[in-house]
Amino acid sequence: MFNGFSKSQIGFRIILSILFVELISLASGVIMGLNIKSPTIIAACLLTIIISQLIAWFISENVKKSVRNVLSELAETSENLGSLSNELTVTGRKLADGSTEQAASIQETSSTLEESSSMIHQTTQNTKEAEILAKQTKQSADNGNVEMQTMLEAMEELKKSSTEISKIIRVIDEIAFQTNILSLNAAVEAARAGDAGKGFAVVAEEVRNLAQRSAQAAKDTAGIIESNISLSEKCLDISNQVSKSLEGINNDTHKVSELLEEISTASQEQEIGINQINKAISQMEHVLQGNALTAQESASSAEHLNTYSNTLKKIKEELTYLVDGGKEVEKRIIPTISREVEVKKEIKSQKLEVKIKPEIKSVPKVEEVKPKTEVKQKVEPIKLKTEEIKPKVEEVKKVKAEEVKSKAEEVKSKTEEAVEPKAEIKPEKEETKVEEKPKTEEAEKPKLELKPQIQPKPVVKKPLPKDTDKSVRPEDIIPLDDF
Amino acid sequence: MPIITIEKNYLDLFSEYLYKNMGIYIEDSKKNLLAQKLAKLMQEAGIENAGEYYHFIVSPPISERQKELKNKFIDTITVHKTNFFRENNHFEFIQRNISEIIETSQSAKFTNELRIWSSACSTGEEAYTLAMLCKEILPANVRPKILATDISPDSIRKAMEGIYKFGPEDNITNYYINKYFTKNGTQWAISDEIKNCVTFRLFNLVEPFPFKNPFDIIFCRNVMIYFDKIVQEKLVGNFYNVLGKKGFLFIGHSESLIQIKHQFTYHEPTVYRKN
């Protein structure tokens, strides 16, 4: 019936009932004091007191019941929260591992692309150079062609002048022939003149010799000129061929140049494209790295969530203690804890349960609880967390204190004690956490301070082989120079 | 959770450290990524101050924790992308030319071994692929002797364990899986027969090479993409020196030696040969 009440409403009811009871008992006391003689009044007073006490008891029972309901819901929620946060931790880890792997792949891809990009860049540069060279070649071929044309013309001129020379040579040849005949005539005339013509005959002979030599020279020259002419004809043919070849080179280099230009633009475009891909990949790289980081963060947030759910559990225990008192705590907490312990399948050993029980049984007794300062030190960090609970405990305490001040003192001392031994349970629970997630951050491990009994448990061993592996480092085994 | 920021001067210091000690060249455009990685590492190590972390990494390791942190650092900074039968045409090339390789190998002639070096083996897939290939194609009288090295202790550890999960990116056929692996839950363990062919060692490629005998084949794929031209040239020179006559160097498919000076003869794309 009180299920829907909030915490403050319950508190308000408790205060009201206490006030009501106090008021009635006060009134009855006063009446009793004034009218002690009348038995009916005494009876009435007694009845009033009994009724009021009954009402108070009824109300407080109702309140307790509702608080218990709330507490059981709280317990369920905190348990759900615990398992949920465990799941979150595992998923977060998986996500983190996955994204780390992906990030590695993408980083390699990125570097590969960079290498390709730099190679394409070089290709572009080379193509550009080749393009320039091809253009130069084309220019040279053009020049060669023009020069070849000039040479062809010169050759033609040479041929013409050679023909002219051969004509002149023929004239010289004719002159030599005629001179020869003239010298013969002169010799005949000299013989007819007798002694007087003797000297002239000698001259005529010399002239004839000269004419013959001239004729010979003209003949030789004519032969040379003729071969010259045929040579220059050949030259013309060859020059024509060269000119044609040069034209071919010209055309080809033009094509090469065009192709190179295309290659150059293509590789430039490729370079731009690959740079774009590269940018995208490096963005992906960043995002993936970020994802890995975020996943890691959410994994550790989930771990934090776990500790909060543990805190919640502890608050619930405190409240249970306040509502039901020490004896019932014993009944209530032990089963829940052992149930929890059972849930964490790994802890099956009877030892552990036995260990927990005496500690919790000892909740109300001071002597048993404060045995070792060592344990206290270990519990220190958890104690800090219990500080958070304290104010809440104080709040509830205040309410109760109104009702029974003397009890409040007792309760206070009990809660103080309760904080310690319960905190003791924490390492055990934390331990179970470690088992579930073998990869718990190593930085946290020392804080947990595993108890000696728990250490040799078979389940905890799981992460251990890795540790032993780590001690056997490959660099420690054999030096490389055996190869 | 506090957000860890790494000041630029420390980023530069880390980059310099990586270049000097591992040859890894980090361009300015990649420094952001380095910062992210460092932040993650520092968060894991529980160190918030970049300076403190830098000194932790740079100084010679004295404690176990420092050793561990340094290993983690190397493991995170370097990239461990690898797969079985990755860039398969190299393995096909070896298969095609195996008789010539054996013919020209000095070690095959004198010690009946084919000496192969997987110089950046990461988690061992490349080396094991080579070992499986050798088992398939080598004549009975030649044994494969494979050295696999990497800079990351964590990777070497994983390689030595030899336990893998096959994903869609693994090019390995069922034939090899069935023949050389045993299933272990969702994972596959490589057989001892293959494991025994491979020796795993920790080795930093920028350090001097200590090898006594020449190799017949060197794999150095997708490593030089992280180095600059100076380190690449030096490394390729060192590879040339430790290769035997007519030995082969295989590089990654995006890589080429055209931009650096070297003595190798180009054989086919990404395959180079010593004269």
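User: Buried area is the accessible area (1.4 Å probe) that two parts lose on being put together, summed over both. How much do chain B and chain A bury between them?

Analyst: About 4,000 Å², with 53% of it on carbon and sulfur atoms. Please note that this is a predicted model, in which local features need pLDDT of at least 70 and side-chain atom pairs count only at pLDDT 80 or more, while totals for chains, interfaces and linings use all residues. Residues are numbered from 1 along each chain as its sequence is written, chains are lettered from A and ligands numbered from 1 in the order in which they are written, and side-chain values use heavy atoms, with hydrogens and water left out.

User: How many residues does the contact take from each chain?

Analyst: Chain B gives 47 residues and chain A gives 37 residues. Contact here means heavy atoms within 4.5 Å.

User: And how many salt bridges are there between chain B and chain A?

Analyst: Two, where a salt bridge is a side-chain nitrogen of Lys or Arg within 4 Å of a carboxyl oxygen of Asp or Glu. Glu114(A) forms a salt bridge with Lys30(B), and the closest N and O atoms are 3.4 Å apart.

User: Changing topic, what does the secondary structure of chain A come to?

Analyst: Chain A has 10 helices and zero strands. Helices (H or I, at least four residues) and strands (E, at least two) are DSSP runs, numbered from the N terminus. Of the 483 residues of chain A, 35% count as buried; buried means under 20% relative accessible area, exposed over 50%, and partly exposed in between (1.4 Å probe, protein chains only).

User: Where is Ser105(A) found?

Analyst: Ser105(A) lies in helix H2 (residues 39–192) of chain A. With a relative accessible area of 25%, Ser105(A) is partly exposed.

User: Now the largest nonpolar core: which residues have the most contacts inside it?

Analyst: They are Leu38(B), Tyr53(B), Phe73(B), Trp117(B), Phe239(B) and Leu249(B), in a core of 56 residues. A nonpolar core is a set of buried Ala, Val, Leu, Ile, Met, Phe, Trp, Tyr and Cys residues joined through side-chain atoms within 4.5 Å. Elements that each supply at least two residues include helix H2 (31–45) and strand E8 (243–251) of chain B. The largest share, seven residues, comes from H2(B). This core also draws at least three residues from each of domain 1 (8–77) and domain 2 (89–273) of chain B; domain bounds come from an automatic or database domain assignment.

User: What does Tyr53(B) touch?

Analyst: Leaving out residues up to four places away in sequence, its contacts include Phe14(B), Leu38(B), Met42(B) and Phe73(B). A second, separate core of 43 residues includes Ile146(B), Tyr176(B), Phe219(B) and Val271(B).

User: Why is strand E6 of chain B largely enclosed by the rest of the structure?

Analyst: Four of the five residues of E6(B) (residues 198–202) are buried, so the strand is largely enclosed. Strand E2 (residues 143–150) of chain B and E6(B) pair in the parallel sense over five bridges; two strands pair if DSSP finds at least two bridges between them. Leu202(B) is the bridge partner of Asp150(B) in E6(B).

User: What order does the open sheet of three strands have?

Analyst: The order is E3-E5-E4 (chain B), with antiparallel pairing. Strand E3 (163–164) and strand E4 (181–184) of chain B are the edge strands, each pairing on one side only. Ile163(B) stands opposite Ala189(B) in E5(B).
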